[in-house]
Amino acid sequence: MGLRASAEQLHQGRLNVKPQKGKDKRLFVDLDICSSGQCEKCVIRCSYYYHQQGPGNNGIVSVAELATYAVICRKCEQPHCVASCPVDALEQQKDKDKLLIRHNMRCISCKSCSNACPYGTIYPENVPLLIHNCDFCLDRRSHIFEPLCVKSCPYGALQLKEADADLGENTFLVGDNIIVHSAHWEREKA
Ligand code: SF4
Ligand code: SF4
Ligand code: SF4
């Protein structure tokens with residue numbers, strides 16, 4: 001299977017949300033579990049060769065960051081997060097449904113954005129100095145049964161799932177390669 005969208009395109013906010021014909025398995029992340037604080041530090045392992053030095057050096061942080069920007073961020077008219085950044089690393093993309101993007105070559109991981117967001121959208125652990133972008137294991141799926149992150153998450157927060165028009169409540173397609181579950185807004189309403 002070839003790359004449908006590179007990690008870079010995805011992180012630039014390419015939001016193609018439609019399921020594709022045929023087999024369309026995507027990385028599913030349950031943000032409710034993943035951000036529940038069950039793991040003090042993420043313990044998953046990652047199939048990407050250069051990410052195998054141990055827990056923490058994995059691609060899932062980049063997925064969690066993008067997923068929160070896409071699904072949980074309220075896309076404020078006057079985003080405090082952007083205004084608080086001392087190095088202009090955070091941008092609200094006007095032409096991409098106000099999706100936030102963090103230019104990680106500029107980001108110094110000061111966490112000001114995390115403190116400035118009145119809704120707690122930006123988890124401090126999701127804006128690290130060094131980011132390891134997930135490539136969704138697309139080119140490895142022919143020879144690995146499932147990505148190591150999926151196998152090693154102890155709480156079932158990660159899965160490989162068929163993209164489907166009927167994903168169930170609070171579940172969203174994000175970009176070409178991610179499915180995100182979050183009941184954040186339901187909890188806010190309650
Ligand atoms: S953590 Fe990065 S993006 Fe956030 S305010 Fe600091 S430098 Fe800017
Ligand atoms: S302040 Fe928070 S909710 Fe508003 S745009 Fe920034 S991250 Fe999103
Ligand atoms: S999908 Fe592959 S590259 Fe992405 S976090 Fe999981 S194991 Fe790592």
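Predicted model: local features only at pLDDT ≥ 70, side-chain atom pairs only at ≥ 80, totals over all residues.
Residues are numbered from 1 along each chain, and ligands are numbered from 1 in the order in which they are written.

One such patch, nonpolar and about 330 Å² in area, is made by I108, L129 and L130. Areas come from the Shrake-Rupley method with a 1.4 Å probe. I108 sits in the loop between β3 (99–102) and α5 (112–116); helices (H or I, at least four residues) and strands (E, at least two) are DSSP runs. I108 is partly exposed at 49% relative accessibility, a class between buried (under 20%) and exposed (over 50%).

I108 also turns up around ligand 1, along with C107, S109 and C110, among others. Being around a ligand takes a heavy atom within 4 Å of it. Ligand 2 has its own shell, including C73, H80 and Y119.

Here's how the two shells split by class:

| Shell | Nonpolar | Polar | Charged |
|---|---|---|---|
| Ligand 2 | nine residues | two residues | one residue |

Now for S62, in helix α3 (residues 60–72). S62 is buried, at 1% relative accessible area. A polar atom of its side chain lies 2.7 Å from the backbone oxygen of G59, and one lies 3.1 Å from the backbone nitrogen of C134.

Methods: Heavy atoms only, no water. Buried < 20%, exposed > 50% of the residue type's maximum accessible area, 1.4 Å probe, protein only. Polar contact = N/O pair within 3.5 Å; in protein donor to acceptor, adjacent residues only side chain to side chain. Nonpolar A, V, L, I, M, F, W, Y, C, P; charged D, E, K, R; others polar. Patch = residues over 30% accessible without salt bridge, like charges linked within 9 Å, V, L, I, M, F, W, Y side chains within 5 Å. Salt bridge = Lys/Arg side-chain N within 4 Å of Asp/Glu carboxyl O.
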